Amino acid sequence: ARSMEESYEAGDVIGTGSFGIIRKVVRKADGQVMARKELNYGRMDERDLKQLTEEVNILEQLGSNDNIVRYYERFVDKPNNMLYILMEYCSGGDLAGVIQRCRKTGCMLPEDVVWAYLTQITLALHDCHSETDAKGARKPVILHRDIKPENVFLDENNNLKLGDFGLSKAMEQAAMTQTYVGTPYYMSPELINGQPYDVKSDIWALGCLIYELCAGHPPFHEARTQPELAVLIREGKIPDLPKPYGNHLGAVVKAMLRQNPKHRPNTAQIQALDSVRLQVRVLE
Ligand code: ADP
Ligand code: MG
């Protein structure tokens, strides 16, 4: 097999993560532009290492969804404790950038763009959360566990790609994990109460993300400390979306932010909702 240096031309750094950087690279064989996550696992403990292996396995499993960052290959450089993950390059940055630009210019995302984004993330999550693969065979349910603007990327056609499965878990192992590791603002009531993460906790985070796309800030952003935030999340008073957005979108966001995880729609219900856009009643 060819070495990474032989196969890829290194380009600019396009992002920084917790354990390394993301770099743009070009595959020499055909000029294909890709993104390379460069992780130094030298300072990782046993648990992080296991999680890292999990991330790559999960990316491999999720091979063929148009709204999930495609994984190509990996290289391990043992002497230098480096792991390289080659994946699809998303030239449009991430949703955090979209939100930032909106805030700066004072404009709001058009409602149909918000709906399109909701549909695309739902399609990605649907694949993660479903218990059978495209051929109908049983597969482990994958929890993303860190849905937030920084982890949803855009390609050159403004299509969304769910990325950063660095905290994700296959369900079988997830049952015992109770410690929450994601973004505090997107933490669901069940996690605050020390219950295990499940698919509906991802749905809660998606609700927070759609809310933030509309409002320019997450729900409960007025909390200044973790305990204050926990109180607001537990209280369950979900703020309304800003005026220009329709009642229907507001109702869908509120459904995703229901206190009881069982009462939140699953990905199939969100998709059905979007395609008709009128049947909020199915959730009530
Ligand atoms: P971490 O797990 O450390 O948060 P991420 O995978 O989220 O790492 O990557 C960090 C940042 O790098 C992202 O928020 C995004 O802006 C950028 N990035 C990551 N992967 C890609 C990609 N495939 N294409 C374009 N930008 C990317
Ligand atoms: Mg990230």
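Is helix α7 mostly covered or mostly open, and how many of its 17 residues are buried? In this predicted model, α7 is mostly covered, with 15 of the 17 residues buried; buried means under 20% relative accessible area, exposed over 50%, and partly exposed in between, using a 1.4 Å probe and protein chains only. A word on ground rules: residues count from 1 along each chain as its sequence is written, while chains are lettered from A and ligands numbered from 1 in the order in which they are written. Local features need pLDDT of at least 70, side-chain atom pairs count only at pLDDT 80 or more, and totals for chains, interfaces and linings use all residues, with side-chain values taken from heavy atoms, leaving out hydrogens and water.

Let's stay with α7. It runs over residues 199-215 and reaches 25 Å from its first C-alpha to its last, close to the expected 24 Å, where the expectation is 1.5 Å times one less than the number of residues. Helices here are DSSP runs of H or I with at least four residues, strands are E runs of at least two, and both are numbered from the N terminus. Just past the helix, Gly 216 takes a positive phi of about 85°.

Now over to the magnesium ion, ligand 2. Its protein donors are Asn 151 (OD1) and Asp 164 (OD), at 2.0 to 2.2 Å; donors are N, O and S atoms within 2.8 Å of the metal (3.2 Å for Na, K and Ca), and sites may look incomplete as water is not among the atoms. Asn 151 sits in the loop between β6 (142-143) and β7 (152-154), and Asp 164 in the loop between β8 (160-162) and β9 (169-170), so the pair ties together parts 13 residues apart in sequence. Asn 151 is buried at 4% relative accessibility, whereas Asp 164 is partly exposed at 25%.

Finally, ligand 1. It has 17 residues around it, the closest being Gly 17, Ser 18, Glu 88, Asp 94 and Glu 150, with a heavy atom within 4 Å as the cut-off. β1 (8-16), β3 (33-40) and β5 (82-88) each supply at least two shell residues, and β1 gives the most, with 3. A polar side-chain atom of Asp 94 lies 2.7 Å from a ligand 1 oxygen, and a nitrogen of ligand 1 is 3.0 Å from a polar backbone atom of Cys 90. The protein buries 87% of the 540 Å² that ligand 1 exposes when taken alone.

Notes. A polar contact is a pair of N or O atoms within 3.5 Å; within protein, one must be able to donate a hydrogen and the other to accept it, and residues adjacent in sequence count only if both atoms are side-chain atoms. Accessible areas come from the Shrake-Rupley method with a 1.4 Å probe; for residues, only the protein chains shown count as cover.
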